[in-house]
Amino acid sequence: MVAIGIVVAILVTLVAVLIPWLPTSASEEMDRIEFVYWFATVICIAVFALVMAVLVYSVMAFRSPPEDESDGPPIHGNTGLEIAWTVAPAILVIAIGVLSAFVLSKNGEAGPNPLNVKVFAQQFAWRFVYPDDGGIKSGQLVLPVNRSAKFEMESADVIHSFWIPDMGQKQDLVPGIKTTIIVTPNRTGVFSLICTELCGVGHATMRAAVRVVSQEEFATWVKERSEGGGGNPDAAAALFDSAGCGGCHAFEPAGSTGEIGPNLDNLVSAAQKAGQDPADYVREAIVDPGKVVAPGYQDGVMPPSYGETLSAAEIDSLVAFLTGAK
Ligand code: CUA
């Protein structure tokens, strides 16, 4: 019986360890969540191996011969056994519960100096604003490593959900209320923020890049983004990025490679083909994206709200950028 238990335990342990069930952790919160997973998994393996050992052994050792049709011996019960199999699981489940509560509370602590980031979600794009750093805006989530980020989140339309799989934490964005979540990235790299609440036809495309950089690189990025005099190389390119355009569209001058919406490199010739002034053509496509939908692309994926969320000057600047006008 012990041998069966050991073999089963080894087999399930291999299944647990060899298959990469979870992404490699990239945050302190995810490290803690992984610890809970492994804690529960070890308990599960032990219980499963014990049950399987008794079950397989009983089936083999107490099998009745083919001709035996007599009744089994009348057994009323076993008080000691029943107490054991009630108390042991109760202790294990309470242990998992206490550990989970501890991790949940720890994952809700931002520490003394969190980076505040406002997250705005709309069908089907993410935008980020950094109130501590001059209110700079970005369509890409840039975070310094080893510093807690506190996200205050709002949705403009329906329920969305903020989730960076490598960082574990997950939180809904609900219209009308502000929700918060803490993430403390602990390694640099590029990750993916995905919307994990079915929010409409473009739900699957509602993603944003998450770039975790060193503290120095983050300071440089903030400086580049916020500097008006001397440093701002291309405000329109920054706007293209912060409005989330690059998430869906490839456009060489902005260095974006999105494939969800049409490529924007040849807008001028497309406008000429349609017999329209390029500036009018592009403006219409930004403000009223449903009016003309490029063949092969789906209507309703691009947010129809850019006419309201961008200022007239911002739209002018985007139109000029996209048509190559100076
Ligand atoms: Cu937003 Cu799904």
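**Strands, cores and a helix**

Mentor: Strand β4 is covered on both faces: Leu141 and Leu143 on one side, and Val142 and Pro144 on the other, are all buried. Buried means under 20% relative accessible area, exposed means over 50%, and partly exposed lies in between, with a 1.4 Å probe and protein chains only. Strands (E, at least two residues) and helices (H or I, at least four) are DSSP runs, numbered from the N terminus.

Trainee: Before we go on, what kind of model is this?

Mentor: This is a predicted model, in which local features need pLDDT of at least 70 and side-chain atom pairs count only at pLDDT 80 or more, while totals for chains, interfaces and linings use all residues. Residues are numbered from 1 along each chain as its sequence is written, and side-chain values use heavy atoms, with hydrogens and water left out.

Trainee: Which strand does β4 pair with, and in which sense, parallel or antiparallel?

Mentor: β4 pairs with β10 in the parallel sense, over four bridges. Two strands count as paired if DSSP finds at least two bridges between them. Leucine 141 has valine 210 in β10 as its bridge partner.

Trainee: What is the order of the strands in that open sheet?

Mentor: The open sheet has five strands in the order β4-β10-β9-β6-β7, with mixed pairing. β4 and β7 (170-173) are its edge strands, each pairing on one side only. From one strand to the next, the twist averages 25°. Within this sheet, β6 (residues 160-163) and β9 run antiparallel and are joined by two bridges. Phenylalanine 162 stands opposite cysteine 195 in β9.

Trainee: And which helix lies across β4?

Mentor: α4 lies across β4 and β10, and runs at about 135° to β4. Angles run from 0 to 180 degrees between N-to-C directions, with axes fitted as lines to C-alpha atoms, for helices over the stretch in contact. Contact means heavy atoms within 4.5 Å.

Trainee: How many residues are in the largest nonpolar core?

Mentor: That core has 35 residues, and Trp126, Phe128, Tyr130, Leu141, Phe151, Phe162 and Val210 have the most contacts inside it. Elements that each supply at least two of its residues include β2 (125-130), β4 (141-144), β10 (207-213) and α4 (215-226). A nonpolar core is a set of buried Ala, Val, Leu, Ile, Met, Phe, Trp, Tyr and Cys residues joined through side-chain atoms within 4.5 Å. A second, separate core has 21 residues, including Ala243, Cys245, Leu267 and Ala271.

Trainee: How many residues of β2 are buried?

Mentor: Six of its six residues are buried. Ala125, Arg127 and Val129 point one way from β2, and Trp126, Phe128 and Tyr130 point the other way. In a regular strand, side chains alternate between the two faces of the sheet.

Trainee: What are the neighbours of β2 in pairing?

Mentor: β1 pairs with β2 in the antiparallel sense over five bridges, and the two form a hairpin with two residues between them. β2 also pairs antiparallel with β3 (residues 136-138), over three bridges. The β2 and β3 hairpin has five residues between its strands, and glycine 134 in the turn has a positive phi of about 75°.

Trainee: Changing topic, why should α2 span 50 Å?

Mentor: α2 (residues 28-61) has 34 residues, so at 1.5 Å a residue it should span 50 Å, and its end C-alpha atoms, 49 Å apart, agree with this. The expected span is 1.5 Å times one less than the number of residues. The buried residues of α2 pack against α1 (2-18), α3 (79-107) and β8.
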